[in-house]
Every structure is written in C-alpha cells, then in structure tokens.
Amino acid sequence: MVRQAIVAGNWKMHGTRAENQQLLQTINDGLAAVTASQVLVFPTYVYIQQVAELITEMNSPIGLGGQNLSEHAKGAYTGEISAAMLKDLECSHVLVGHSERRSLYHESNQLVASKFIAASEAGLTPVFCVGESLAERESGRTMDIVFRQIDAVLDIAGMTGLCKGIIAYEPVWAIGTGVTASPQQAQDVHHEIRSHLAELDEQLANEMQILYGGSVNATNATELFAMEDIDGGLIGGAALKADDFLKICIAAG
Ligand code: PGA
C-alpha cells in the first residue's frame with residue numbers, strides 16, 4: 001500500500017503579512033520540483049485569510065490548516081475559533097493536540113478528542129498530534145502514553161472516525177530542541193502505532209498516514225522519510241525557512 005507523503009509546516013506564532021507573502025511565494029515557486037507529496041501550511045489564525053487569498057492568487061497546490069480550534073460549534077466562547085470558521089476560510093486541515101497546546105494550555109486527552117470530533121464533523125481533516133515527554137521515554141512509558149492519547153479518540157470516534165484524520169507522532173523532547181528522534185526510534189513508534197490500529201482494522205491501519213515531527217530539517221528529512229512507517233513530517237522551525245522547507249518537501253518525494 002502506497003500512502004501519499006505529506007509535509008506540513010506549522011508556523012506557530014510567527015509571521016507578518018510581508019513575511020507570509022514572501023515565504024509562501026518562495027515555497028510555491030519551488031514546488032514545481034515536487035510532485036507527489038501533499039504540502040500544507042498552518043499559519044496563525046489572524047493570517048489564515050491572507051494565506052488563503054495568496055494560495056488562490058498563486059493558483060497554488062499548497063493546502064491550508066489552522067493550528068487549533070474550539071471543541072464547541074459556536075456560542076459565547078470569547079477568543080475561540082470554531083471548525084466551521086476554519087472551513088469558511090478555506091482550511092482543509094487543523095492541528096489538534098499539539099504538545100504545546102497540551103502542555104502550555106493544559107489540553108487533556110479528552111479535550112483533544114472533542115476537538116478531533118469537532119474538526120471532522122465540520123469536514124476538516126484533523127492532524128492529530130501525539131507524543132511522550134523525555135521523562136516518560138526514560139521511564140519506558142512511551143507507548144503507554146501514546147496509546148492513551150490515541151485511545152481517547154478511538155473511544156469516541158471509533159476506528160473509522162480516527163482514520164478520517166492523520167496522526168503526527170511528535171516526541172516532546174524533540175520539538176524545537178534540535179534533538180531529533182533517530183530514524184529507527186521514530187520508525188519503532190510509528191510501527192507500534194500502526195500495529196495498535198491494525199488490531200482493530202488492518203486495512204485502515206495500513207492506509208493511515210503517520211507523520212513524524214520534532215526537529216526535522218533539510219539534513220535529516222531524507223533518512224526519516226525513508227522509514228517504512230513514516231509518511232512525511234510536521235515541521236516547525238524549518239517551515240519558516242523557505243529553502244529548508246522545500247528541501248524537506250523534496251525529501252518526501
Ligand atoms: P520543530 O517543531 O520542527 O521546530 O521541532 C515541530 C512542531 O512543533 O510541530
């Protein structure tokens with residue numbers, strides 16, 4: 001089974017209108033060299049409309065997503081953004097459960113699962129982030145933590161629901177640290193995730209796209225993406241440098 005590779009750029013809380021325009025233009029111009037992989041960018045909320053308009057103007061194949069969303073459909077939730085609003089602004093994807101949301105904003109597995117459901121009910125594809133901290137890895141609890149995160153979504157969405165999303169395995173200790181998981185360390189976790197899902201439905205498990213994230217850069221991407229169960233990457237820091245991001249896209253095939 002050949003799964004399409006995805007390279008997703010998480011811009012986090014970075015960018016200005018001028019920087020976004022420059023970054024997107026350079027990525028788009030370079031993308032002619034990349035045919036097979038799906039390329040997505042995740043700007044901060046306030047720039048989604050700008051980026052959506054640029055994508056249209058450039059007639060670009062780049063897809064667009066939000067970095068977070070509310071678990072509620074609408075109502076008195078000051079400061080929140082709904083799935084329908086993201087959809088209205090041409091987003092096709094949304095990150096849920098990024099480790100920065102989990103740790104800095106105390107998002108529980110249950111809240112992340114509710115956001116996953118809110119996203120997929122609105123027709124967005126959730127990019128569902130999971131991963132362990134360094135202490136959890138060192139105490140041998142990596143798969144326990146990752147399975148708990150995944151099972152929280154499985155419990156309410158079921159296997160068919162989960163498979164409407166994409167999983168991004170991002171070990172917390174590798175995010176923004178410059179310390180990437182080795183290709184084998186990442187592959188081992190991806191393989192365990194796929195085997196866990198295969199217990200429920202082998203075909204869906206084989207089709208599931210599982211991205212790796214955490215200090216992916218232009219130098220290490222090729223080796224990571226060559227691993228059998230790694231279907232592309234969720235890129236933070238290197239997604240803000242057009243040349244590096246393009247090299248990562250090319251590495252994904
Ligand atoms: P990084 O971030 O590539 O800067 O480690 C990845 C992420 O947070 O998605």
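What covers the buried residues of helix α2 includes α1, β2 (38–42), β3 and α3. Buried here means under 20% relative accessible area, exposed means over 50%, and partly exposed is in between, with a 1.4 Å probe and protein chains only. In α2 the buried residues are Ile 48, Gln 50, Val 51, Ala 52, Leu 54 and Ile 55.

Before I go on, a word about what you are looking at. This is a predicted model, where local features need pLDDT of at least 70, side-chain atom pairs count only at pLDDT 80 or more, and totals for chains, interfaces and linings use all residues. Residues are numbered from 1 along each chain as its sequence is written, and side-chain values use heavy atoms, with hydrogens and water left out. The helices (H or I, at least four residues) and strands (E, at least two) are DSSP runs, numbered from the N terminus.

Now let's bring in α1. Two packed helices are described by the angle between their axes and the distance between the axes. The axes are lines fitted to C-alpha atoms, for helices over the stretch in contact, and the angles run from 0 to 180 degrees between N-to-C directions. How do α1 and α2 pack? Helix α1 (residues 17–30) and helix α2 (residues 48–57) meet at an angle of about 35°, and their axes are 10 Å apart. On the α1 side the contact is made by Arg 17, Asn 20, Gln 21 and Leu 24, and on the α2 side by Gln 50, Val 51, Leu 54 and Ile 55. Contact, by the way, means heavy atoms within 4.5 Å. By class, this contact of α1 with α2 has four nonpolar, three polar and one charged residues. In that count Ala, Val, Leu, Ile, Met, Phe, Trp, Tyr, Cys and Pro are nonpolar, Asp, Glu, Lys and Arg are charged, and the others, Gly among them, are polar.

Helix α1 has another partner to show you. Which residues join α1 to helix α11? The axes of α1 and α11 (residues 242–251) come within 9 Å and cross at roughly 35°. Here Leu 23, Thr 26, Ile 27 and Gly 30 of α1 touch Ala 242, Asp 243, Phe 245 and Leu 246 of α11. These residues divide into five nonpolar, two polar and one charged.

Back to α2 for a moment. Follow the chain past α2 and you come to Asn 59, whose phi is positive, near 50°, although Asn 59 is not a glycine. Asn 59 sits in the loop between α2 and β3 (63–66). Is Asn 59 buried or exposed? Asn 59 counts as exposed because its relative accessibility is 70%. Glu 90 also belongs in this part of the talk: its phi is near 75°, a positive value in a residue other than glycine. You will find Glu 90 in the loop between α3 (83–88) and β4 (93–96), and at 57% relative accessibility Glu 90 counts as exposed.

Gly 165, in the loop between α7 (142–162) and β6 (166–169), counts as buried because its relative accessibility is 6%. Its C-alpha atom is 4.8 Å from that of Pro 126, 39 residues apart along the chain. Leaving aside neighbours within four places in sequence, Gly 165 is in contact with Phe 116, Thr 125, Pro 126 and Met 208.

Asp 231 lies in the loop between α10 (221–225) and β8 (232–235) and is buried, with a relative accessible area of 5%. A polar atom of the Asp 231 side chain is 2.8 Å from the backbone nitrogen of Ile 210. That is a polar contact: a pair of N or O atoms within 3.5 Å, where, within protein, one must be able to donate a hydrogen and the other to accept it, and residues adjacent in sequence count only if both atoms are side-chain atoms.

Gly 214, in the loop between β7 (210–213) and α10, is buried too, with a relative accessible area of 4%. Among its contacts beyond four places in sequence are Glu 170 and Leu 234.

Finally, the ligand. Which of the 13 residues around the ligand come nearest? They are Lys 12, His 98, Glu 170, Gly 176 and Ser 215, where being near takes a heavy atom within 4 Å. An N or O atom in the side chain of His 98 is 2.7 Å from a ligand oxygen. A polar backbone atom of Gly 176 lies 2.6 Å from an oxygen atom of the ligand, and for a backbone N or O atom of Gly 237 the distance to a ligand oxygen is 2.8 Å.
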